[in-house]
Amino acid sequence: MFRDQPKCTSCHKEIERNDIVYVKMRYPDRRGMTEIKAYLNNEGEFICEECFDIS
Ligand SMILES: [Zn+2]
């Protein structure tokens, strides 16, 4: 589903599979979470574990 590799919004490191990431996002107002990955890609801001620990 991720066409573009998601990147950390702080250090711009590419998020690898199985990495622990923090996502800042608005909770969907639509019913159902079937398109959660697409939603995350559009609305989510990913923060890698390292940057999250720093801030
Ligand atoms: Zn980072």
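Around the zinc ion, the 4 donor atoms subtend angles of 106 to 114°, so the arrangement comes out as tetrahedral (four donors, all angles between 85 and 135 degrees). The model is a predicted one, where local features need pLDDT of at least 70 and side-chain atom pairs count only at pLDDT 80 or more, while totals for chains, interfaces and linings use all residues. Numbering starts from 1 along each chain as its sequence is written, and side-chain values use heavy atoms, with hydrogens and water left out.

The protein donors are the SG atoms of Cys8, Cys11, Cys48 and Cys51, sitting 2.3 to 2.4 Å from the zinc ion (donors being N, O and S atoms within 2.8 Å of the metal, or 3.2 Å for Na, K and Ca). Their spacing in sequence reads C-x2-C-x36-C-x2-C. Cys8 lies in the segment before β1 (21-24) and Cys48 in strand β2 (residues 45-48), so this pair ties together parts 40 residues apart in sequence. Cys8 is buried at a relative accessible area of 1%, and Cys48 is buried too, at 3% (buried means under 20% relative accessible area, with a 1.4 Å probe and protein chains only).

As for the rest of the chain, the elements run β-α-β-α from the N terminus on, giving 2 helices and 2 strands (DSSP runs: H or I of at least four residues for helices, E of at least two for strands). Of the 55 residues, 18% count as buried. Among contacts (heavy atoms within 4.5 Å) between residues at least 6 apart in sequence, 52% join residues at least 24 apart.

How values were computed. Buried means under 20% relative accessible area, exposed over 50%, partly exposed in between (1.4 Å probe, protein chains only). Four donors count as tetrahedral if all angles lie between 85 and 135 degrees; four count as square planar and six as octahedral if opposite donors are over 155 degrees apart and all others between 65 and 115; anything else is irregular.
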